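Please keep the viewer open while I talk.

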Amino acid sequence: MKKFRQQSATDKFFDISLFIILTVILIIVAYPLYFIIISSISDPKAVASGMVTFLPVGINFAGYREVFKNSLVVSGFINAIVYTACGVCVNLVVTIPTAYALSRSRFGGKTIVTWFYMITMFISGGMIPTYLVVKNLHMLDTMWSLILPGALSVYNMIVARTFFQSNLPEELWEAASVDGCTQTKFFFKIALPLSKSIIAIMVLYYGVGHWNSYFSALLYLKDDAKFPLQLVLRSILIQNQAALAQQVTSVSAQVALEAQRQLVELMKYSLIIISSIPVMIMYPFVQKYFVKGVMIGSVKG
């Protein structure tokens, strides 16, 4: 406060204006999430009638109860965690060494290899050829059909490569090699410990991608017990929407159908919260690395 008083009128005006603008942006960004949270625990009739604005009305957990009535929700949650954890491990094992190798100036043919990777960003094999490959490798209806086809993201690899180029100069390797350090030892003992920020960013990028993915599971998985959470939640919504599409004539049936429609709307908010919790839990642990990792990967090419 003392420092603020010592500022000139122009600086005070700028700081106050900036504070107001950032506050407005915060409200615009945070309110939808807050609205989803309070709507998920409000009375369905209050949500449907627009009575819920700033506080929950008639606290009700009917949406959550209805969601967890489906036995596949718990198994889907566990499957999604397993798929995400295994997928991120595979992604890191493939991406980090590839990015490190391509960041070294003495790696012969790295330009050709880099272009080979970059071409896949613009030209892909397509859905049907990819499905046939997965089928011929006998990966249908297995966890690996969701993990191995996307083991490497070229964009993430380029970001990680740029990080290594910016933070691990060749002089560091030369100094280590003088003491008898090999490339393998340098990578595991020096490069990786100095790359916590970019590894955290890769975990976040890949983790969110695996967690939100449902289309691959829709293509390759047939057993309901192996469905990830996102596919289970999608199935719940589709089943309830189909139930609402039926035609009714009696007044009592119409009332029941309207109550079901309100419950489905409430379930949508509950599903959003359930599917978002793991990402919201994970983000604080990598937040301190986020800005550094992204900026380093975006400024230089």
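This is a predicted model: local features need pLDDT of at least 70, side-chain atom pairs count only at pLDDT 80 or more; totals for chains, interfaces and linings use all residues.

In general terms, a disulfide is a covalent bond between the sulfur atoms of two cysteines. Residues are numbered from 1 along each chain as its sequence is written, and side-chain values use heavy atoms, with hydrogens and water left out.

As to accessibility, where buried means under 20% relative accessible area, exposed over 50% and partly exposed in between, with a 1.4 Å probe and protein chains only, Cys 86 is partly exposed at 28%, and Cys 89 is partly exposed at 49%.

Turning to the overall layout, helices (H or I, at least four residues) and strands (E, at least two) are DSSP runs numbered from the N terminus, and by that rule the protein chain has 15 helices and zero strands. Of its 301 residues, 33% count as buried. If contact means heavy atoms within 4.5 Å, then among contacts between residues at least 6 apart in sequence, 72% join residues at least 24 apart.

Two packed helices are described by the angle between their axes and the distance between the axes. Here the axes are lines fitted to C-alpha atoms, for helices over the stretch in contact, and angles run from 0 to 180 degrees between N-to-C directions. The axes of helix α10, residues 170-178, and helix α11, residues 183-191, come within 11 Å and cross at roughly 115°. On the α10 side, Leu 172, Trp 173 and Ala 176 meet Gln 183, Phe 186 and Ile 190 of α11. These contact residues divide into five nonpolar, one polar and no charged, where Ala, Val, Leu, Ile, Met, Phe, Trp, Tyr, Cys and Pro count as nonpolar, Asp, Glu, Lys and Arg as charged, and the others, Gly among them, as polar.

Next, the aromatic rings. Rings of Phe, Tyr and Trp (its six-membered ring) pair if their centres lie within 6.5 Å, with planes under 30 degrees apart counted as stacked, over 60 as edge-to-face and the rest as tilted. A search of the whole structure finds 13 aromatic pairs. In one of these, Tyr 31 and Tyr 34, the ring centres are 6.4 Å apart and the planes stand at 45°, so the pair is tilted. Both tyrosines lie in helix α2 (residues 9-40), three residues apart, or about one turn of the helix. Tyr 31 is partly exposed at 30% relative accessibility, as is Tyr 34 at 35%. The rings of Phe 187 and Phe 188, by contrast, have centres 5.1 Å apart and planes at 80°, so this pair is edge-to-face. Phe 187 is buried at 10%, whereas Phe 188 counts as exposed at 51%. Ring pairs also link Tyr 100, Phe 163, Phe 164, Trp 173, Phe 186, Phe 187 and Phe 188 into a cluster.

Finally, some single residues. Where does Thr 98 sit? Thr 98 is in helix α5, residues 72-103, and counts as buried at 16% relative accessibility. Leaving aside neighbours within four places in sequence, Thr 98 is in contact with Tyr 117 and Met 157.

In the loop between α7 (127-136) and α8 (144-147) we find His 138, which has a positive phi of about 60° although it is not a glycine, and which counts as exposed at 71% relative accessibility. Asp 141 is found in the loop between α7 and α8, and has a positive phi of about 65°, again without being a glycine.
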